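User: I am new to this structure and should like to understand the reasoning behind the terms used to describe it. Please set each value against its criterion as we proceed.

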Amino acid sequence: MLTLRERQINAIKQMLNLNVQQVKVLAAEPIWKILIYDRVGQDIISPIISIKELRELGVTLHVQLHSDRDSIPDVPAIYFCLPTDENLDRIQQDFYGSLYDIYHLNFLAPISRKKIEDLAAAALQAGCVANIHRVYDQYLNFISLEDDFFILKHQKGDQLSYYSINRANARDDEMEVLMDSIVDSLFAVFVTLGNVPIIRCPRNTSAEMVARKLEKKLRENLWDARSNLFHMDATQAGGGMFSFQRPVLLLLDRNIDLATPLHHTWSYQALVHDVLQLGLNLVYVEDDAPSGGTRKKPKACDLDRNDRFWATHKGSPFPTVAEAIQEELESYRNSEEEIKHLKTFMGIDGENEVAFSMVNDTTARLTSAVNSLPQLMEKKRLIDMHTKIATAILNCIKARRLDSFFELEEKIMSKQTLDKPLFELFKDSEFGTIEDKLRLFVIFYICSQNVPEYEMERMKEVLQESGCELSSLAYIQRWKSIMNRSSATNPGTQYEGGGTKTVSMFSKLVSQGSSFVMEGVKNLVVKRHSLPITKLTEQIMESRSNPDTDDYLYLDPKLLKGGDVMPKNRAPFQDAVVFVIGGGNYIEYQNLVDYMRQKQSSNASKRIIYGSTTLTNAQQFLKELSALGSEIKSPVLS
């Protein structure tokens, strides 16, 4: 069954095939064309289709819409952009300049009737109506980062950030535009999946606003016989992604959990995002020691779906990843030694023509070894890349004591007693950065109950003395008091934490031949636990009565006059799309993946897709909280 990412890839490949269904013909010569995209189109394509794949699809040139471009006749030009006024003005300029002979216009979101009429008028005036071969609404305005993880925006992601949604001076019309853009993208996700969801969300939040608008949009489309995009739905051959059962869309507001986005993490993918600023599956790693005093340009590392090591270990704890890299390196060295040994044994030491002619006449064993060289070279490239990334992370873990922060936060979340008072740790200048300490303190404040005020003030004073900027605390205080009044559960009680135990470091990592000096780093094993969003997802999917979710809206766009209360005896859902308004993170994504694995059985399996307006790491989220806190004039902690 195709995943969301695979469906998006297929839709883009069909678009690049001039919107003709792809036929698998061996060695067929592609039609050569050029691709012109805006920033949003670039963000959508770059994580899922490589430059090599673009070449194979016949794309000889890919350029920005708003760059200076020369006229290229006789070649189809495929446009892939949003139908904004700015983009449409530029397309009209291309018409007037007669840049291309064949235009294929593909808009990421539906173009309005007025805009398409203006475009047609411009084409008529430029005398290029016959050159415009196709105009398509593609419904692809979302970014697939994983098979089961999507976001809505990367560049200019702050437009949909937690700060933008919660800032004090946001006008109603600005919020309407913001919510409409979220609805349009979610609509595109379900058009791509080929299914109409049942929508659940908490009342009186931004999630309800999005849910109501999305239900209206889906219902209007379903009852429009001419432009219904779901007319085949689950009955079509190959079906939607969830063929026989409709999925549930759980819409949540970031406000339900502010601690997890600030949490220090211990899994590989989340560490790469937190420490090395992973973005669109691309991370830049600097060399350890610049040679000759000149600083080298950071190396781009592409963590794509074809990287077997990444696919296997992205959710693993960091020491496990370091051990796996060490094992891969040893396996590679053994293969290399075998080839060298064979060459020496056959008397082929030089890389000359005679040597290669002799290789062709040797045994199947040597032929097999030589044939495996390209795979070995690729394996070596990936090992080197992951060694580079893991070394950069390890340096940060040691410099900032990230293992200790992670261990402490897990203890706080699981309500365990701390070995040492926090203010003593905050006094230690070598214990992490001031940002790390602030993250730890905010998590402590959110999760703790009945802590004396003088103790909080003492910690604040120590943090301020060490140079911490505490404006975010004013906002966190207001948020906590609102949550205490409005929700059935206290925000501090929804975290169960896994708790950790320290085991001895893997023998491979403490041996002399190890690539990683793990001395001083704890090998932490985390107990399986569910984060607040995973708990809510489980309750919604099981359709069981629960005080946390009983009051959630239940909207079914297929019902002409549906209520908003869940029917009794509703069957459990097998499939869910969990969407967070105000920013998501890899910690929650990995926790949902772990929950799915736990629920796998021989006769049934749950499928969950996680999505968010933007992807935010702790540093970015802390900045947003500080900006919101600065808007509150009196930062007093009670």
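This is a predicted model: local features need pLDDT of at least 70, side-chain atom pairs count only at pLDDT 80 or more; totals for chains, interfaces and linings use all residues.

User: How do you know that the length of α1 agrees with that of a helix?

Analyst: Helix α1 covers residues 4-16, which is 13 residues. At 1.5 Å a residue these should span 18 Å, and the end C-alpha atoms are 19 Å apart, so the two values agree.

User: Which residues of α1 are buried?

Analyst: The buried residues in α1 are L4, R5, R7, Q8, I9, I12, M15 and L16. The term applies under 20% relative accessible area.

User: What phi does R401 have, and where does R401 lie?

Analyst: R401 has a positive phi of about 55° although it is not a glycine. R401 lies in the loop between α14 (373-400) and α15.

User: Why is R401 called partly exposed?

Analyst: The relative accessible area of R401 is 32%. Partly exposed lies between the cut-offs of 20% for buried and 50% for exposed, and R401 is therefore partly exposed at 32%.

User: S543 also has a positive phi; why is S543 called buried or exposed?

Analyst: S543 is not a glycine, and its phi is positive at about 55°. S543 belongs to the loop between α21 (532-542) and β14 (553-555). Its relative accessibility is 14%, and so S543 counts as buried, the limit being under 20%.

User: How does the reach of α14 compare with the expected value?

Analyst: α14 has 28 residues and reaches 40 Å from its first C-alpha to its last, close to the 40 Å expected at 1.5 Å a residue.

User: What makes α14 and α15 roughly parallel or roughly perpendicular?

Analyst: The axes of α14 and α15 cross at roughly 70° and come within 6 Å. Angles of 65 to 115 degrees count as roughly perpendicular, and α14 and α15 are therefore roughly perpendicular to each other.

User: Which residues meet where α14 and α15 are in contact, and of what kinds are they?

Analyst: From α14, the residues C396, I397 and R400 meet L402, D403 and F405 of α15. The residues of this contact divide into four nonpolar, no polar and two charged.

User: Why do E407 and K522 count as a salt bridge?

Analyst: The criterion is a side-chain nitrogen of Lys or Arg within 4 Å of a carboxyl oxygen of Asp or Glu. The closest N and O atoms of E407 and K522 are 2.6 Å apart, and the pair forms a salt bridge. E407 lies in helix α15 (residues 402-413) and K522 in the loop between α20 (507-510) and β13 (523-526), so the pair ties together parts that are 115 residues apart in sequence. E407 is buried at 14% relative accessible area, while K522 is partly exposed at 27%.

User: What makes K115 and D85 a salt bridge, and which parts does the pair tie together?

Analyst: The side chains of K115 and D85 meet with N to O at 3.7 Å, in a salt bridge; the limit is 4 Å. K115 lies in helix α5 (residues 113-126) and D85 in helix α4 (residues 85-96), so the pair ties together parts that are 30 residues apart in sequence. K115 counts as partly exposed at 26% relative accessibility.

User: How far apart along helix α5 are E117 and R113?

Analyst: E117 and R113 are four residues apart in helix α5, separated by about one helical turn. E117 forms a salt bridge with R113, their closest N and O atoms being 3.0 Å apart. R113 counts as exposed at 65% relative accessibility, and E117 is partly exposed at 42%.

Note on methods. Residues are numbered from 1 along each chain as its sequence is written. Side-chain values use heavy atoms; hydrogens and water are left out. Helices (H or I, at least four residues) and strands (E, at least two) are DSSP runs, numbered from the N terminus. Buried means under 20% relative accessible area, exposed over 50%, partly exposed in between (1.4 Å probe, protein chains only). The expected span of a helix is 1.5 Å times one less than its number of residues. Axes are lines fitted to C-alpha atoms, for helices over the stretch in contact, and angles run from 0 to 180 degrees between N-to-C directions. Angles under 35 degrees count as roughly parallel, over 145 as roughly antiparallel, 65 to 115 as roughly perpendicular and the rest as oblique. Contact means heavy atoms within 4.5 Å. Ala, Val, Leu, Ile, Met, Phe, Trp, Tyr, Cys and Pro count as nonpolar, Asp, Glu, Lys and Arg as charged, and the others, Gly among them, as polar.
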